[in-house]
Amino acid sequence: MKGCLILTVAIAVFSASGLQAQQEVPLTTLDALERRLENGADTTFVINLWATWCAPCVAEMPHFERLQQVYAAKPLRILFVSLDTKKDQDAVAKFVDTKGLKNEVWLLDEKNEQHFIPAISAEWSGAIPATLFVNKSKGVRIFKEQEFDYQQLENSYLSIVQQKN
Amino acid sequence: MKAMNVLGVALVGLMISASAPVSSPGYQIGDVVEDFRLKNVDGNHVSLTDYPDAKGFIVIFTCNTCPVAKGYEDRIIALDRQYKSQGYPVIAINPNDAGVDPGESYEQMQQRATDKGFTFPYLLDPDHTITKKFAATHTPHTFLLQKDGDDHVLRYIGAIDNDSRSGNPDTKFVEDAIAALQQGKEPDPATTKAVGCAVKWKST
């Protein structure tokens, strides 16, 4: 019986990997995202708002990937939240696959910009690239509407983690 | 301790903002907008005072390369067609620096205006002078002006409609704002937000 279960799981895993040549990009809502941040305790979340059509967004993505690699042992989570439309979900997945992104990628399933833009930050005009830094245990929520180079990104991250709780 | 914490957060804010581009608040709703004189794709310069009969202007910061802005071009042409005759012509301004993106050059602007058959001026804003006065942050970014005597008063800031990404709006903010002005009312909402491409600022 136990062997049977393992075999079933193995088949499921194999068939899943066979069918899903490309990484999935799941949908998320603003509420789900906020709950995730709320439950993150001492994790520093770096939420990058981007889209496949946004050239400067695509250009800065490797810096976020590098930050995660450099601080892999730290409670740091990079979340790439795509503002592409839901109908482009497959294209986003293909893009993620092509770029070999290692961090989590989500597609924001929110249509009402008058709701989700101010909810993410009152400072956000809607322009991308834009990035939100959140650490609940430190009470930090900082929004930056800018394109980062690696040094700026690392400095922003370090300035949060070096802060006392 | 709490004060320390507040200080800490303030410091973090400062440290991060030190690396961000300088931003100014720009014109606010109700402010009088200064006239400008910018070069159009046809080689002539355009000012607000060139339109003595206008009741106002739909000033739209837009560009050649941003997919969101390009997705709006047909809707911008339709706005100009509909509202020029009612006294609210469109004036488009490209806020982007061609040094950062060659696709934003004057020649490419001329090409884009010809290809799309722009019915309105499409102006160059070298050094982002006017872009900064309006504090336009992205393309497309719309500012609705109303004439009051010789003054041009800012009445609405934001999105053209409520669908920046799919092109199927069910609320047309700019049209609603103009309708409000035509009825002697204040636009409501007077400001809206929309996803767009960040302005490509000249590197310093």
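This is a predicted model: local features need pLDDT of at least 70, side-chain atom pairs count only at pLDDT 80 or more; totals for chains, interfaces and linings use all residues.
What pattern does chain A follow, read along the sequence? It goes α-β-α-β-α-β-α-β-α-β-β-β-α.

View 1. Chain A carries six helices and seven strands. Of its 165 residues, 35% count as buried.

**View 2. Strand 3 of chain A, mostly covered.** This stretch takes in residues 76-82. Five of its seven residues are buried, where a residue counts as buried if 20 or more other C-beta atoms lie within 10 Å of its own. As a reminder for looking at any such strand, side chains in a regular one alternate between the two faces of the sheet.

**View 3. Strand 2 of chain A alongside strand 3 of chain A.** Strand 2 covers residues 44-50, and the two strands pair in the parallel sense over seven bridges. To find your place, pick out N48(A), which sits opposite F80(A) in strand 3. To get from strand 2 to strand 3, the chain passes through helix 3 (residues 55-70), and this β-α-β crossover is right-handed.

**View 4. Strand 3 of chain A alongside strand 4 of chain A.** Strand 4 spans residues 104-108, and its pairing with strand 3 is parallel too, over four bridges. Here the handy landmark is L79(A), standing opposite E104(A) in strand 4.

Conventions. Residues are numbered from 1 along each chain as its sequence is written. Chains are lettered from A and ligands numbered from 1 in the order in which they are written. A residue is buried if 20 or more other C-beta atoms lie within 10 Å of its own, exposed if 12 or fewer, and partly exposed in between; C-beta atoms are placed from the backbone. Two strands pair if DSSP finds at least two bridges between them. A crossover is right-handed if, with the strands pointing away from the viewer, the path from the first strand over the helix to the second runs clockwise.
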